[in-house]
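Here's a molecule to look around in. Let's go through it with a few questions and answers.

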Amino acid sequence: MTAISKPEGQQFRATEHAGGPWSPDMLQGSATTALMTRDIDRLATESGFAVRRLTFDLWRPAGLRVFQTTTELLRDGRKAKTAQVRLMDGETEIARCTALLTAPSGESPVDPFARPATIDKTPETGAAPAAFAQKWSRYFQNVSVRLIEGALEKPGPAAAWMRLDAPLVEGEPNTPLLQAVQAADFSSGVAQIVDMRNWTFINPEISLYFFRPPESEWILIRAATRVGTNGAGLTMATLSDLKGPFAEVMQAMSFERRDAERAQAS
């Protein structure tokens, strides 16, 4: 299977399978965040620290070109580390990830107020989305999807298992952390609440907060979106693996009515 990107020395060339939903010639957000996560994943493995927060600022749209990442350790503490990864298109910074990692302690306390854990349906019991929904983007066509609640083609909250089947980088396995991050970018799509013929929406950032590491390639997104004023919105999602929840996601949303609808409304 063709990879999402191919290594060229210390750089990565996006393939046609990296194309996003707004244009097949523009990089999918999941590919952007996952490429930066790759560096954080390696830092966590080498240091023995756990990834606790990942915040991605998506600054500019990116074409299917050659990219490179640069990593800087902003704080190297005994109990916490802060790292920064920049995704570069030549001299232009496309996106940035700020990561918090913490040292593991011996044990965790028992939460006496925790609700009993609910058991989600497994990916095998879920339903594939409508064929046209799977064609949202070239990238999304490489993602296996199994819906257990709601539908991708209809507005409203939903829950879907996702797994990137193509290698993000040719010759490398997709780690559970990488699978979690690439899936998280679809939270706003899973929980879309508007008719996309009339509205566009973007998420210029996304943050993930982990309370344990993900442990499987299948990631469940259970998402919902709220709308505020002046086009502002917020998507919130819980990520689970086959053992249960492991992270919470927040995406700042920006909605805009399509030009044809503006003209009609005026």
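Q: Which residues of α2 are buried?
A: Start with the cut-offs: buried means under 20% relative accessible area, exposed over 50%, and partly exposed in between (1.4 Å probe, protein chains only). Helices (H or I, at least four residues) and strands (E, at least two) are DSSP runs, numbered from the N terminus. Eight of the nine residues of α2 are buried, so the rest of the structure largely encloses this helix. The buried ones are Leu177, Leu178, Gln179, Ala180, Val181, Gln182, Ala183 and Ala184.

Q: How do the numbers and values here come about?
A: Residues are numbered from 1 along each chain as its sequence is written, and side-chain values use heavy atoms, leaving out hydrogens and water. This is a predicted model, where local features need pLDDT of at least 70, side-chain atom pairs count only at pLDDT 80 or more, and totals for chains, interfaces and linings use all residues.

Q: Which residues does leucine 54 contact, leaving aside its neighbours within four places in sequence?
A: Contact means heavy atoms within 4.5 Å. With those sequence neighbours set aside, leucine 54 touches Thr37, Ile40, Cys97, Thr98, Ala99, Leu177, Val181, Ile206, Ser207, Leu208 and Phe210.

Q: Why does the pair of tyrosine 139 and phenylalanine 186 count as tilted?
A: Rings of Phe, Tyr and Trp (its six-membered ring) pair if their centres lie within 6.5 Å; planes under 30 degrees apart count as stacked, over 60 as edge-to-face and the rest as tilted. The ring centres of tyrosine 139 and phenylalanine 186 are 6.2 Å apart. Tyrosine 139 is buried at 0% relative accessibility, and phenylalanine 186 is buried at 5%. The pair is tilted because its planes meet at 35°.

Q: What is the angle between the planes of phenylalanine 210 and phenylalanine 246?
A: Both phenylalanine 210 and phenylalanine 246 are buried. They form a stacked pair with 6.2 Å from centre to centre, and the angle between the planes is 15°.

Q: How far apart are the closest N and O atoms of arginine 65 and aspartate 89?
A: These two form a salt bridge, meaning a side-chain nitrogen of Lys or Arg within 4 Å of a carboxyl oxygen of Asp or Glu. Arginine 65 is partly exposed at 39% relative accessible area, while aspartate 89 is buried at 16%. Their closest N and O atoms are 2.5 Å apart.

Q: Where does arginine 222, the salt-bridge partner of aspartate 120, lie?
A: The side chains of aspartate 120 and arginine 222 meet at 2.3 Å, N to O. Aspartate 120 is in the loop between β6 and β7, 102 residues away from its partner. Arginine 222 lies in strand β11 (residues 219-227).

Q: How many salt bridges does a search of the whole structure find?
A: Some are linked up: Arg38, Asp39, Arg42 and Glu172 form a network of salt bridges. Elsewhere, glutamate 93 and arginine 86 meet at 3.3 Å, N to O. The search of the whole structure finds 15.
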